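Please look through this structure with attention to its charged side chains, and to how they pair with one another.

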Amino acid sequence: MQAGTVGILQSWVLHFSACVIAECCEEEEMGSSGCTSYALLLCALIGFCALNQCCGIGLEANLTAQLFVNASKVSARQIPQTLYGIFFEEINHAGAGGLWAELVSNRGFEAGGQNIPSNIYPWSKIGDDSSIVVSTDRSSCFDRNKIALHMEVLCDNEGPQICPTGGVGIYNPGFWGMNIEQGKKYKLVLHVRSLNSINVSASLTDSTGSQTLASANILASDVSNWTKVEVLLEAKATNHNSRLQLTTTQKGVIWFDQVSLMPLDTYKGHGFRNDLFKMVADMKPGFIRFPGGCFVEGEWLRNAFRWKETVGPWEERPGHFGDVWNYWTDDGLGHFEFFQMAEDLGAVPIWVFNNGISHQDEVETSNILPFIQEILDGLEFAKGDANSTWGSVRAAMGHPEPFDLRYVAIGNEDCGKKYYRGNYLKFYNAIKLSYPDIKLISNCDGSSTKLDHPADMYDYHIYSDANNVFSRANAFDRTSRSGPKAFVSEYAVTGKDAGQGSLLASLAEAGFLIGIEKNSDIVEMASYAPLFVNVNDRRWNPDAIVFNSAQAYGTPSYWMQHFFKESNGATLLNSTLRADSPASLIASAIIWKNMEDDKHYLRLKIVNFGSSAVNLKISVQGLELNSKSSSSSNKTVLTSTNLMDENSFAQPNKVAPVKLDLENADRNMDVVLSPHSFTSIDLLTVSTITAWIEGDDSFLRSSL
């Protein structure tokens, strides 16, 4: 019986007992002593039920298990530096309105398409039809995004039609409200044109425009040609649901285009929202796969991600409609920014590119050469010399040195498509000829059947219920060790087991990752998906990091991944688990180096996927532990009172790791594993373990 059921039953017994006692005493069917005796009897019954976890079912003893760790160097193996990483896809407004700190939505007025009149949502006008008319035309100075906003002001600051107090104009609420914080500075950049002089007020206000948080006047006598204007706004108050306003009380026609508002305190000034970037950085990812996912394919090829349209000055990027997830992106977060993000994270970039295939249409292999050239140009952008054609574009963007691009994926989930294999081979041969050092990733699963085409790695995706994901811990046990390695680029528990990010989902995924760790000789990389979700546009459940304009929290699956962040480059030890209930337990053992104290630790990770506590006996052979320094050894546990518990903005750490000191740290010790829990135990090793890690195991042999 699960804990939730037990609690309900106990509550019912308490309620029933109270009712019976009250009723019998009120009706005076017993004397006071009789009532007291009856109450004591019922209390004893309740106590017995609580002690035995249920009524009428009996006492459930803890299960037992033994974990044997063999630390001999012969059985040890180094884990790839890139085993655990992240996958970023532009889904759920992960970038636009999320990680990318741009506060203006539809900054170039292009979201309605290239035709005019165009939908300028979420821009809106301030003032009625008698005082202002807002439309669009194709008068922009930017060739690749010709739509501009045409604002005709009919009122004035004098004469028969006086403008209302505060003026008329336009406002932009950003992505479900701009987060403006007191004392912070925001850089406003816009392009403006008018046949007359202008006097425009640029302000940050609350959602109604009634409270001004920051403002500045834009005065110009000659803007007959398109003019770039930059204004610094400093907030004097905080409001998480703010908007940007551009208003005037002067009659005339003003054109606006490419209006951007960015906080000055982005990560390293690179445009990433600080709190979200830090949450990703705290995961210590070994790689980042980008920019998708289905976002790369597009529902139709006309809406696929095209890297060339996302580089160069942001004002000149045309943006595009992501028709799989159904929203517009200005592509401020583009090809260059993804590589910059990887570098800032210290993660290896993995570029997923379109191979001429979308969800609905395909390019025949005989016509694929232009697509291949586009990708070769993209590789030159990332890896080419600063004097090369596309390397010079990268250099002009502020990065003269090449990026460390080692992996590319030829498409996403396209293996079953008609032209995939033909297109794949064309891309494979062309890239290997020009960049023989780059590893190429196939969309086809080679875990159980040998691939019929060359590849350095193959892609493996799994989205399923909790039991299936947990059972897939053994998915690679029987995979051939001689073929290309696996890239588990998308995994997650989905459906009713996941909710919007449950403990149950995280435990199943943890078990799966331990299986990945134990098979890291054939699995090169693994990443959860999706990484981000803006609560205002939840296109997919669940996700690792949940946010709005001002807040963010990690789901249990996010915290679960923290248990594995020290595994990249660590040493995997041989471990054997014997248990009463082997199907619900899985464990691994590694030696990792803590860069903060420069010491090595033995880390044991154990998932108890069952509903009973487990008495685990741990035995470590062939490794000397520093048992005198128990304060340096600890236990971290991820669990909660209910399997479907989730985190939220109100309770961001309801399901989060709890770290405890481990007083009985030793090579032989007993640990109790809570039901439905993920436990990580770190044991400090002797200082001489460094010699073994670096190749000298003489001290180890003497300790056997």
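The side chains of E102 and R107 are joined by a salt bridge with an N to O distance of 3.4 Å, the term being used for a side-chain nitrogen of Lys or Arg within 4 Å of a carboxyl oxygen of Asp or Glu. E102 is buried, at a relative accessible area of 5%, and R107 is likewise buried, at 3%; here buried stands for under 20% relative accessible area, exposed for over 50%, and partly exposed for what lies in between, with a 1.4 Å probe and protein chains only.

This is a predicted model, in which local features need pLDDT of at least 70 and side-chain atom pairs count only at pLDDT 80 or more, while totals for chains, interfaces and linings use all residues. Residues are numbered from 1 along each chain as its sequence is written, and side-chain values use heavy atoms, with hydrogens and water left out.

A further salt bridge pairs D129 with K125, whose closest N and O atoms are 2.2 Å apart. D129 is exposed, with a relative accessible area of 59%, whereas K125 is partly exposed, at 31%.

K432 and D456 also meet through their side chains in a salt bridge, at 2.9 Å from N to O. This pair links distant parts of the chain, 24 residues apart, with K432 in helix α8 (residues 420-434) and D456 in the loop between β20 (439-442) and β21 (457-464); helices (H or I, at least four residues) and strands (E, at least two) are DSSP runs numbered from the N terminus. K432 is partly exposed, with a relative accessible area of 21%, as is D456, at 26%.
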